[in-house]
Structure formats: structure tokens, C-alpha cells
Amino acid sequence: MDKLSGSLAGILGFEKLSKYEKDYLHDANIRSCSYMGFIVVLLEVWMLIRQIYSKIIPKYQAGGDLFGLFVKYTSKYWLFLLIGLGLMLFCLFYQRDRKLSKGRFITLLVIGTACMLYTAVLSLEAFTKTSDTITPVMAAVMNTMLVSIYVFLFVIGASIVAYALLKYLKNRNVVALEYVAIISFNLVCLAFGVFVSYSDFWGGKEIICFLTMVLYVGCLLIYRPYISALILGVSFFGFYHILLTFQGGLTFAKQDIVISGVTKQITSGDTVNYITFFISLTTICFAIYRGRLNEARKSKALEKSAKEDSLTGLYNYSYFSELAEDSIRNLTGDVSENVLLFIDVHNFKAFNDQRGFEEGDKFLIALGKTISDLFGDSLCGRQADDHFVVLTKSEGLTEKLNALNDLVHDYDKEILMSINCGSYRLNSNTEDPRICIDRARYATQLIKNRFQTVHVEYDKTMSEAYHKRLYVINNIDNAVNNGWIVPFYQPVVWSDTGELCGCEALARWMDPVYGQLFPNEFIPVLEEYRLIHKLDKSIFESACRDLREAIDAGKPVVPVSLNFSRLDFELMDAATELDSLVAKYRIPKDLIHVEVTESALTDNFTKLNEAMNRIQEMGYSLWLDDFGSGYSSLNVLKDYQFDVVKIDMRFLSNLENNEKARTLIDCIIQMANRIHMLTLTEGVETEKQAEFLNQIGCGRLQGYLFGKPVPKASLYERIDKGELTVSDKCL
């Protein structure tokens, strides 16, 4: 029973609609009214032309007064033309959330005033009077309809004027006036249909005008079904009742009626057709309403997905940026009181891994609600993952962020989580929120691994680093193409003889703007933005070119080790790229050593293992770089076969006073020997360190003791001076 009553309520339109659905249906009617107004204008122009050619010109040629003829035969058409034009412009100028422009305001004011004045003048015309052919009832019907038309036309003009004033002066959407104008136009159409069709009927014509107007109103302007049924019911049965008053009345039985000497027959079939038309039109109105409502709901869902983050219900990043841009543009007073925040949850990945994605989503939903509650009327959005953005006032910011951090910290007692928040303080209301958020994000990254630091504000020092970071991203292609990326070579020596047995090629960026950039200034940035392969490929080619030049010049040649990033294997076919460069410059493969960092081998085991095997199968020596810097060193040695293991320089820290460090290095070297891998220790700075490493069997040494990274020319200067002696053996 409840389902039946619910479905009936839906069919008849008694269901509760959301504001969005009401606005959608109202906006659809506004659009329909603009079409109706345009059609009225076209019809009235056509009628004016018709009247001029059929009535005015013949009578003027017969000696009539031209002005009088125009007033007599075209006055009502001019009125309807004005009303149609006014309604069309009123609806075309309709903008829900924007102020009316001055030009549009003046246009509506003039045309609305003209409608009122013209209607008032025409209302003074003589009404229909009784005569031998016009009964008192007929005259009363005609006059009532005529008065109704004038009243509603005047109301339309007044509504247009009032709406224009309020919209222009106060930027208020006066929905009541919109409804008054539209409903009044409906009533004008229906009254006009009754007026013309009743007049036609006693002239022996059909009631086509009434049926056309009802169809016009019913199908273009869609209200709740029960309202449409009420309008159509009153119109149809009211007009039918009026027809019953004609010349003695109409009945369902066949009846002969004499009109001006012509016998007209009204049969029960005409009545049935009349009622059928009413039922059909009502059904069509119901169907159109249901279709529009479904469109509104689909549109609402699409609009919601375009604006809202599907998980948290906050604004998504794209729509947040749009709203933030508008908000910033409209700021008044001290703009610097406003800040953009980038909020990141530290250790959320661990929470997701241990608790699962479903629990992770619940946490993000709760976090989004907490951010929304804490920042009240501020603009809040979710950028992606566990990253949230807020445009807010700086007042009370520290307290709010501390409260948010406490809630995040206490969410799970076993997994330590906290927030890191970077903020950017606005300098003007012309700033791009996307750039501001990126700066706040940059500040957040600087405190990424500091649990005790909740908030940091982007400052001048960060600004310089940030702009350098952007410069690196935007100019990596220029740097590669213009030769700004150059290899510096750091010597590698045999531990027993001190002879030069190789060099590591390390990238330097010789920039025309910033001068020399060091690896820590550009490598992390290029890795973050997945551009590191461009730099690495450039270094590979430069090293091969340098080797070719040394061979061709007859200079001493030493092997070069090249660093491969984890991303090189994702962003390009690293092994093939290297092999093609070696072939291009005709370099013996024993002069190229491939270094892969330990951290690169912790992800995507299968793909990297295949790449490592290919490199060795191609004939290159494979080195493990930074051994001991991560947590999976022994697993790496178990799963991969390397020719050389490079021991991380941190093992040498305070080596002379740390017995445990000396023991660990000794064990590592002995273990490498037993699994048939050679060893190299980097970061050697003192003679004592070098002597100790030689004694325990470490074959190669690298560090400032033997030389810093230098350009190719400087390296060969040392060789030419005898400071470095090139060894005869490579491995």
C-alpha cells in the first residue's frame, strides 16, 4: 500500500524535490518561455504584415486615414509583439547568480514600461456589445476574456520592470516575479485562445486557436503533474462550459444550430474528441515532467561528480581551484590574512597497508569531515590520496592544525600518524591558487619526516629553492640539448697499488642562469617528476663520447661506471639505450660499468631482475651501489648476481673509533668474496681508512682522498702530471 501511494504521489508530482531539482525545472521553463516569446514575436510580425497588405493598404488606397487604419487594425498585434519581445528578452537575460548588466537593465526597463503604458491605453477601447447576433452571455464571455488579457499583459510588463530594478540594483533573484511573469503569460495565452476560438465559433469556424494555445502552454511549460492537470482541466472544462452557453447550449446528442443562416451540427463525437484531446495532452505533460525530472537527477549526479570528491564529499581539486580563484579575486581588505594550506598525512601508507583500503577510506572520510568542521566556512577540498587543501584565514590556524593533528594521532593507537601542513600566505588577489597550493605543497615536503613539526609556512628561502626547482623541471630539455648537463669524473683506485682503475661519472648542471648546480639540487626533483631518465641518458652519451675521444686521441683510457636510477627501467628501455650508445661510439663493453642503487631493487622484482640479467648478458659489468644504505641488503645479494659491491660511505663514519663498524665492514667483504663478488668502498677520506680497507681485502677505493669529481680535462691534467697512474687492469 505504501509503495502504491508512493508511486501515485510520484506520478502526480507530490514527491519532495531537492532545491537543485526545483531550480532545474524552473530554469527549463525559463528557457521554454524564451522560445515562446520568440514564436509570439514571429507570429505577430507575420500578422502585422498580413493586416497591412489585406486591410490597411486597400482601405488607404480607397481614401482612408493611414494613422487611423494602423490603430484600428494593428494595435493589438503591436501589444502582443511588445509582450513577446519583453518575455523573450526577460528569459534570455536570466542569469541565476550574476548581476544584470547596465545595457540589459535599460532594455528590460524600457520594454516593460512600454508594455504597461500600451496595455493601459488599449484597455480604454470599446468592449463587445450585445446585438441581434450577440447574446448578453456571449458579450460577457468576450469582455471577461479581453479584460483578463489586458490585466495579465500589464502584470507581465510590471513584473519585468520590478525584476530588472531589483536584479540590477541589489543583484537579487526574485523568483516570485519570475513565476508571476511566466504564469501571467500562460494565462494570457489561454485567455487569448478562449477569446479567439469563441469568436471563431460563432462565425462558423473551429476552436483551433484554443486547442493550439493549450497545446502550446501544456507542452512547453511543465509544472508538477497535479498543477498541469489543474490548469488543463480548468481550461478545457471551463471553455466547454462556455461553449454550452452558445445559442441555447450544446448537448451530447446531435443538434442543429443555425449561425448566420448556416446550419452547424455538434455531435457527441466532437465532444469525445475534445475530451480525448484533454486526456492525451495531460498524459503528455506528465511524461514530459517525468523526463525533465530524470534529466535533472542525472544532471545533478554529473554536476556532483564534477564538483565533489567521491569519497569525502569535499570539493575535488579541479572545482576547489575554480572556487578558490573566484574567492581570491573577490578578497577585500588585508589579503595577507588569507592562506592556502596543503595537508598531508604522515605514515598513511603504513596504515593503508596494515589496516586495508576499506579502513583507509574510512579514515579519509573521517579526516575530510574533521577538516570541514574545524575550518567552518572556509573552502575545503581533497587533492588526491591523503592530501587535502584549504583556503582559510590565518587567525587561529595553529590551534586548528594542532587539534587536527591530535585527532589524526589518536585515530589508531598502534600506527603512528600525524599531519604535515604547508601554508602559503597570499600577497595579492591576482594570485593563481594552483601555484599557491604547489608552494604550500613544497613547504609540506620539507617537514615530511618530522613527526613533531605540524606546520611550516612558505617563506623567502623556500621561494628561492622553489623557483630553482621549477627552473629545473622546465629546463631539463634545454639543459640536455644545449650541453648544460656534463659528467664529472671521480677516480676509483686499486687499494693495494693506488693506481687508477676506473671513474664514476657524476652529473653536474652548468647553468647559464644559476651557474653550477649540484646533484642534490636537481636529481631529487627530476626523480619526483619522473624526468630523471632524460638526465641519465644524456650522461650515458656524454661518457661514451668522452671515451671515444680519449681512444681516438691515444690517451690513457679508464673504465667508467654509470648510475642507473630505478625510474630509468620504467621510463625507457635502459639496457637497450645503453647498448645502442656503446655501439654508436664503438666503445669496448669492458670500459662501461653499470651501477644500480640498492633502493632501486626493492620494487618490481621481476622486471628489474630481467633488466639486470640482460645487462650482464650484453657483456657489461654490474655493480651494486650504496650497499648497506637500506633494509634489504642481504635479500638483494641473495636475489641478484653482481660483479662489484660498493659499500656505502656511512660505514666509514668515525671508523677509527668504532670497532663495530670495522668488524661489519670486514664481514661484508668476506661475505662478498665467498659469493664471488668484488668490493669497493666509497667515501674514503683518510690514509688510515685506506690502509684498513686494503688490509681486510677491499679491492677498490673511492673518495676525496684520491680526488673529488672533476671535469674530463681536469682528470687528464692529473694523469699527465703523474698524480694519477692508470692501471693496466680493469677488473
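1. Lysine over tyrosine. K555 sits over the face of Y716, 5.1 Å from the ring centre. A second case is K708, which lies over the face of Y704 at 5.3 Å from the ring centre. Both placements come from a predicted model.

2. Aromatic pairs. The structure contains 23 aromatic pairs. One of them joins F351 and F363: the ring centres are 5.6 Å apart and the planes meet at 45°, so this pair is tilted. The pair links distant parts of the chain.

3. Y471 with Y514. Here the ring centres are 5.1 Å apart and the planes stand at 70°, so the pair is edge-to-face. Distant parts of the chain are again linked, with the two residues 43 residues apart. Y471 is in helix α15 (residues 460–481). Y514 is in the loop between β10 (500–511) and β11 (515–517). Are the two tyrosines buried or partly exposed? Y471 has 15% relative accessibility and therefore counts as buried. Y514 has 34%, so it counts as partly exposed.

4. L470 and V217 are 253 residues apart in sequence. In space, their C-alpha atoms are 61 Å apart.

5. Aromatic cluster. Which residues form one aromatic cluster? They are F210, F236, F237, F239, Y240, Y274, F277 and F278. Among them, F210 is in α7 and meets residues of α8, while F236 and F239 are on the α8 side of that contact.

6. Packing of α7 on α8. Helix α7 covers residues 208–220 and helix α8 covers residues 225–244. Their axes are 11 Å apart, at an angle of about 175°. Angles over 145 degrees count as roughly antiparallel, and α7 and α8 are therefore roughly antiparallel to each other.

7. Residues in that contact. From α7 come F210, L211 and V214. They meet L232, S235, F236 and F239 in α8. By class, the contact has 6 nonpolar residues and 1 polar residue. It has no charged residues.

Methods
Residues are numbered from 1 along each chain as its sequence is written. This is a predicted model: local features need pLDDT of at least 70, side-chain atom pairs count only at pLDDT 80 or more; totals for chains, interfaces and linings use all residues. Side-chain values use heavy atoms; hydrogens and water are left out. Rings of Phe, Tyr and Trp (its six-membered ring) pair if their centres lie within 6.5 Å; planes under 30 degrees apart count as stacked, over 60 as edge-to-face and the rest as tilted. Helices (H or I, at least four residues) and strands (E, at least two) are DSSP runs, numbered from the N terminus. Buried means under 20% relative accessible area, exposed over 50%, partly exposed in between (1.4 Å probe, protein chains only). A charge sits over a ring if NZ of Lys or CZ of Arg is within 6 Å of the ring centre and within 35 degrees of the ring normal. Axes are lines fitted to C-alpha atoms, for helices over the stretch in contact, and angles run from 0 to 180 degrees between N-to-C directions. Angles under 35 degrees count as roughly parallel, over 145 as roughly antiparallel, 65 to 115 as roughly perpendicular and the rest as oblique. Contact means heavy atoms within 4.5 Å. Ala, Val, Leu, Ile, Met, Phe, Trp, Tyr, Cys and Pro count as nonpolar, Asp, Glu, Lys and Arg as charged, and the others, Gly among them, as polar.
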